[in-house]
Amino acid sequence: MIRMTLAEVAAAVSGALHTAGSDTPETVVSGTVDTDSRNLGAGDIFVAKPGEVTDGHRFVAGAAEAGVVLAIVEHTVEADVTQIVVADAVAALADLAREVVARVRAAGDLRVVGITGSNGKTTTKNMLARILQDEGETVAPRASYNNEVGAPLTMLRVTETTRYLVSEFGADAPGKIARLAGLVTPDVGVVLMVGLAHAGGFGGVEATLKAKTELVEAVRPGGVVVLNADDARVASMATVAAARDLTVRWFGHRTTADVRADDVEVTASGTISEITVDGEPHALRLQVLGAHHVMNALAAITAAGVLGVPAADAIARLETLEIAERWRMQPLGSDRVRIINDAYNASPDSMAAALRTLAQITEPGQRKVAVLGAMSELGDQAGEEHDRVGLLAVRLRYERIVVIGADARRLFISAIGEGSWDGEAVFFETADEAYGYLMGELRDGDRVLVKSSNVAGLRHLGDRLGESFS
């Protein structure tokens, strides 16, 4: 965090300051801000957030012993550290982030990009950050820091010399993107797609559309929105952009897109395509697996172009990325048995894309093995969407379909109903049971996709299989 006095921090979070030791209201603090005391040390700031499992207030004393100089709390705690008491620690975190970004923006040339979409946010964020880091100091979320805690924590990492802040905005209910994007008022807003991810929380895809449109509504006057020309729901946001006098830049496969991809080819070593940027042709050779990642790359190239980065430079930097993120189409194992661990998150769209990708990179004589868990937060559509995945896996001729967890059983039943009834599809309650089966079943030449939502925990199974066949 930038340097601020205790009095300034207290004013920003509307809190009551209780100094300790030799601290005064004019004492200057900075350092890392976090809600996890294990990540903090000397000179840092701890936000004691109550949680479902534990309460951050229990760790204030330990944080003080580790050298933390300030705790933002909802009630005073017996600890030798200066404390600011607030009504709501999470709201205070957001208020502090708003203040810090506003100060940096006022003092320098900070540009803010906001990214949202039902799928692809984290990959696109990583791609854009990779492009921008060669232009100047860039702050972007770690992993998927895109909620009411993670997004402000990312914002608080900006310094007086930060040139670019890339914020990823996720949401599981209406209004959340508006609140998060409202903290920074992005110069550029990127909307990737509107699908069924988190549809249960929103109440359906049309409600999801409304929620994702909140980012367009939050972009500063005179700003730019980067929209997916291939997604009709995203394309409809151009009307909102026009009403707010925002410039629209398009990406996609359509010939009308400003940044367009053609002739996409997926191989075991990466993804190749021809792209056109404002009429100029370029070759794009990603090391990242999957045709769907070409769209993420187009979005990143488009956003970077808005910020003044030439397309050739953006492409060259993207081609250095080996993986999008850990547990996202991450190749593990060896040429003997290749494991693709894509089990950090899953939606109907990303599940289908991953299944198709593995089918594309599997050569004749090699077996396709799908290790699948549940997709979460689909609400009333969960059953039907798990049916679709089971049917797709069979129609793509996966030789083995391994389904794990009670919440994914319907996927297994659908696969059997479609024709995988002679041992091709199997079901296990736990990942350990599935691991035992797979260790006896997998053989040289197999290509294995591990895919589920994060809560299913299959990413750890993917790591375990990768180590076993490395």
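**Close-up 1. The surroundings of Asn228 in this predicted model.** Leaving aside residues up to four places away in sequence, Asn228 touches Val191, Leu192, Met193, Val234, Ala235, Trp250, Phe251 and Met295. Asn228 itself sits in strand β12, which covers residues 224–228. With a relative accessibility of 6%, Asn228 falls under the 20% cut-off, so this residue counts as buried.

**Close-up 2. Helix α4 crossing helix α12.** Here residues 121–132 make up α4 and residues 311–318 make up α12; their axes come within 9 Å and cross at roughly 115°. The crossing is right-handed. On the α4 side, the contact is made by Met127, Arg130 and Ile131, while α12 brings in Ala314, Arg317 and Leu318. Sort those contact residues by type and you get 4 nonpolar, 2 charged and no polar.

**Close-up 3. An open sheet with mixed pairing.** The edges belong to β2 (16–18) and β4 (33–34), each of which pairs on one side only. Look at β2 and its partner β7 (residues 82–85): the two run antiparallel and are joined by 3 bridges. Across from Ala16 you'll find Val85 of β7.

Note on methods
Residues numbered from 1 in each chain as written. Predicted model: local features only at pLDDT ≥ 70, side-chain atom pairs only at ≥ 80, totals over all residues. Heavy atoms only, no water. Axes fitted to C-alpha atoms, helices over the stretch in contact; angles between N-to-C directions. Helix = DSSP H or I, 4+ residues; strand = E, 2+ residues; numbered from the N terminus. Left-handed = near helix turned anticlockwise from the far one by under 90°. Contact = heavy atoms within 4.5 Å. Nonpolar A, V, L, I, M, F, W, Y, C, P; charged D, E, K, R; others polar. Buried < 20%, exposed > 50% of the residue type's maximum accessible area, 1.4 Å probe, protein only. Pairing = 2+ DSSP bridges.
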